[in-house]
Amino acid sequence: MLKQPASKYASFKPVHLSDRTWPDVVLTQAPIWLSTDLRDGNQALIEPMDIERKLRMFQMLVKIGFKEIEVGFPSASQIEFDFVRQLIDGNLIPDDVTIQVLMQAREPLIRRTFESLQGAQRAIVHLYNATAPVMRRVVLGMDEDGIVELAVANARLFRELAAQQPATRWTFQYSPEMFSGTELEFSRRVVDAVTEVWQPTPQHKCIVNLPSTVEHSTPNIFADMMEWMHRHLARRDSIVLSVHPHNDRGTGTAAGEFALMAGADRIEGCLFGNGERTGNLDLVNVALNLYTQGVSPGLDFSEIDEIRRTVEHCNQLPVHPRHPYVGDLVYTSFSGSHQDAIKKAFAARREGDVWDMPYLPIDPKDLGRSYEAVIRVNSQSGKGGIAYLLESEFGLDLPRRLQVEFSHAVQAVMDASGKELTAHDLWQMFEREYGVKTIAAPRYQVTEPAHGAASQGVALVADLDLAGRPLKIQGRGTGPIDAFIQGLSRATGQGVRVLDYRQHSVGAGADARAVAYMELRINEERTLFGVGMDANIVTASLKAVVCGMQRAGVLAVPEDRENAAPSGPARAISAAV
Ligand SMILES: CC(=O)SCCNC(=O)CCNC(=O)[C@H](O)C(C)(C)COP(=O)(O)OP(=O)(O)OC[C@H]1O[C@@H](n2cnc3c(N)ncnc32)[C@H](O)[C@@H]1OP(=O)(O)O
Ligand SMILES: CC(C)C(=O)C(=O)O
Ligand SMILES: [Mg+2]
C-alpha cells in the first residue's frame, strides 16, 4: 500500500494566464534544433563517451542535419576539453554548423571554456546557474539578489572573454537552471538582468534557454510558463527563446511541443531521449511528430536503424523495443483486428494517397524500415495478419473464406505452442495443410468435342497417384476441370461441387507458377478449400480438387502428408477410394 503523500509532497502551482494563446497554435514549421547528446546525454551515461565515440556521434548529428550541437562541458575534464580542441584543430566543424559548450557560472570554469574555444569560427557559449528556491537555499546558499549578482557577474565575464577573441562569432546563451521550479517573476528578473549585460540585438541575438531541469508539472502548466516568459521578457526581439525539457513525468515530448506552441523558437534534447534520469526530450520524437503532420523537420531520419545503432554504440545503452518511431516493435501489430485493418488499408491504398493507415502513424519506409515486420502472428492474431504475411512474403492472395479456414488451423497450433509464428512457419503450415508439395500432379489428356458436337463437352482421361495407389478416371464436362470433377465423382462415389474458384500467378518468368483455390462442397455436407500449385494452370486446378477431397477425407492421403499434418481436417482423413 502506498503511503499517503499529502503531507510529504507539494502540488505544482498553476499559472494565472487566462488569456493564454498556445492551445490554439498549430505548428507549421520546424524549430531550431539543438542536440545535447554530447553534453547532457553524455553526462548521464554510466560510462561517458571516449573521444572516438564522441566523434562518431558528432559526425552522425551533422549527417542528420543538426546545425547547432552542444559538444560538451570543456571545463569538466581533459577529454571534454580535448574533444573541443580536436573539432576545431581538425577542422571538423562544417561551415553551417555551430558548436555549443556549457559551463556553470563559475569564473575558473568560464575561463577554461573560452580557452578551449580558441580559433573557433563560431561558438555558442552557454552559461547556467540554478534559480529555483530549493537550489538557492540548499545548494548555493544565496538569496534572490545573490543569484542575480552571480548571473550578472558571469555574464560580464562572458563579454570580457569574448572580446579577447574577436575572430570568433560568439553567441551567448543563458539558462536559469531549474526554471520549471522557479517563480516566474524571479526567472524573468534574472534573465532580464543577464540580457541587459549582453545587449543582444535583432541582428545578433542571444539565446535564452528555459529548462524543465526536472519536470515538475503537467505540460500545460509548463506551456503557460513558457508563454508567460515569451510575453514578459525584455528584449524579446533580440532573443532566441529556447526550451530544454526533461522527462521526469514522462511528458517531455508534450511539454516540448506545447512550449513551441507557446512561443519557443528552439528546442534542446537528445536522440531517443537519452539524458539525465528519465532523459532529455527526445528530439527524434518531436521531429517525426512534425513530419507526420506534413511539416518537414529539416532533419534526416530516413535511415533510422543506422542512427539507432550508432546511438546505442556511443551511449552503450539500448533503445527500448517500443520506443516511438524507432523501437524494434513499433511497426509491428500482433493483434488480429489491427492486422486486419492494416491489411485492408494497404490493399486500398493508392500511390500518391495521403498517408491514412490505421495503427501506422508513419510509413515505415520513410524511415528505412520495411513492411516485413509490420505484422507478426501470435495467439492474439487473426486471419488478416496470417493472410498479410502469406501475401507479402510468398505472394499468396488467399480468398477471404480460405483465410478464415486456414486461420483456424494456425490458431490450433498457436494455442498449443503459445509461440510467435514467422512468415516461414506459416508457409510451411500452409504447404502441409493443403498438400502443396505432396499432391502429385494428375496426368491427363483432354479431347475436344468433335466438330458440331459442342454440347457433349470435352472428354478427359486422367491418372491419379494417391499415395502409391493409382486411380484412373474418365469424365466429360464443360471444360477440363469440370470433366475431371465429374470423373472423380464417379470413380469415388463422392459428390463434389465447386462453389468458388480463384487463381493467380506467383513469381515471374521461368519460376512463375499458378495457384488455384477451389472452394468445394463435398457430398452436400461439408464446405472446404483445396489448393493447388503448378506451372500449368489446369494442373494446378486439378490438384486443388484432389486437395479438397483429401482434406474432406473422401480421397486417400499420401503417407508423408498424413504424418506431417499439424492439425485440422487433414488429420482426420480416412482413405476412401
Ligand atoms: C542540469 C544540468 O545538467 S547542469 C550540467 C551539469 N553537468 C555536470 O555537472 C557535468 C560536468 N561537471 C563537472 O564535471 C563538475 O561539476 C566540475 C568539474 C565542472 C566542477 O567540479 P567541482 O568543482 O568539484 O564542483 P562540484 O560539481 O562537485 O560542486 C558544485 C559546486 O559548484 C557550485 N555550483 C553548482 N552549480 C552552480 C552554478 N550553476 N553556478 C555556480 N556555482 C554552482 C555548487 O554550489 C558547489 O559549490 P561548493 O563546492 O562551494 O559547495
Ligand atoms: C544546464 C541546463 C540547460 C540543463 O541541462 C538543465 O537544466 O536540464
Ligand atoms: Mg538538462
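These legends describe close-up views of a predicted model.

Residues are numbered from 1 along each chain as its sequence is written, and chains are lettered from A and ligands numbered from 1 in the order in which they are written. Local features need pLDDT of at least 70 and side-chain atom pairs count only at pLDDT 80 or more, while totals for chains, interfaces and linings use all residues; side-chain values use heavy atoms, with hydrogens and water left out.

**View 1. The magnesium ion (ligand 3) and its donors.** D40 (OD), H244 (NE2) and H246 (NE2) coordinate the ion at 1.9 to 2.2 Å. Donors are N, O and S atoms within 2.8 Å of the metal (3.2 Å for Na, K and Ca); water is not among the atoms, so sites may look incomplete. Along the sequence, the donor residues follow the spacing D-x203-H-x1-H. H244 and H246 are both buried (buried means under 20% relative accessible area, exposed over 50%, partly exposed in between, with a 1.4 Å probe and protein chains only).

**View 2. The surroundings of ligand 2.** The shell consists of R39, D40, L102, H126, Y128, S175, E177, N209, P211, T213, H244 and H246; a residue is included if one of its heavy atoms lies within 4 Å of the molecule. For D40, an N or O atom of the side chain is 3.0 Å from an oxygen atom of ligand 2. A polar contact is a pair of N or O atoms within 3.5 Å; within protein, one must be able to donate a hydrogen and the other to accept it, and residues adjacent in sequence count only if both atoms are side-chain atoms. On its own, ligand 2 has 260 Å² of accessible area, of which the protein covers 95% (Shrake-Rupley method with a 1.4 Å probe; for residues, only the protein chains shown count as cover). Two or more shell residues come from each of α1, β4, β5 (169-177) and β6 (206-212). Helices (H or I, at least four residues) and strands (E, at least two) are DSSP runs, numbered from the N terminus.

**View 3. The surroundings of ligand 1.** Of the 17 residues around ligand 1, the closest are R39, Q43, R106, N129 and E177. An oxygen atom of the ligand is 2.9 Å from a side-chain N or O atom of R106, and a polar side-chain atom of R39 lies 3.2 Å from a ligand oxygen. V139 takes part through a polar backbone atom, 3.4 Å from an oxygen atom of ligand 1. The protein covers 56% of the 1,000 Å² of accessible area that ligand 1 has on its own. At least two shell residues are supplied by each of α1 (37-43), β3 (98-104), β4 (122-130) and α5 (133-140).

**View 4. The hairpin of β13 and β14.** Strand β13 (residues 513-522) runs antiparallel to β14, and nine bridges join them; strands pair if DSSP finds at least two bridges between them. A516 stands opposite G532 in β14. Three residues lie between the strands, and N523 in the turn has a positive phi of about 55 degrees. Strand β14 (residues 526-534) is largely enclosed by the rest of the structure, because seven of its nine residues are buried.

**View 5. P133 in helix α5.** P133 counts as partly exposed because its relative accessibility is 26%. P133 and P297 are 164 residues apart in sequence and 37 Å apart in space, C-alpha to C-alpha.
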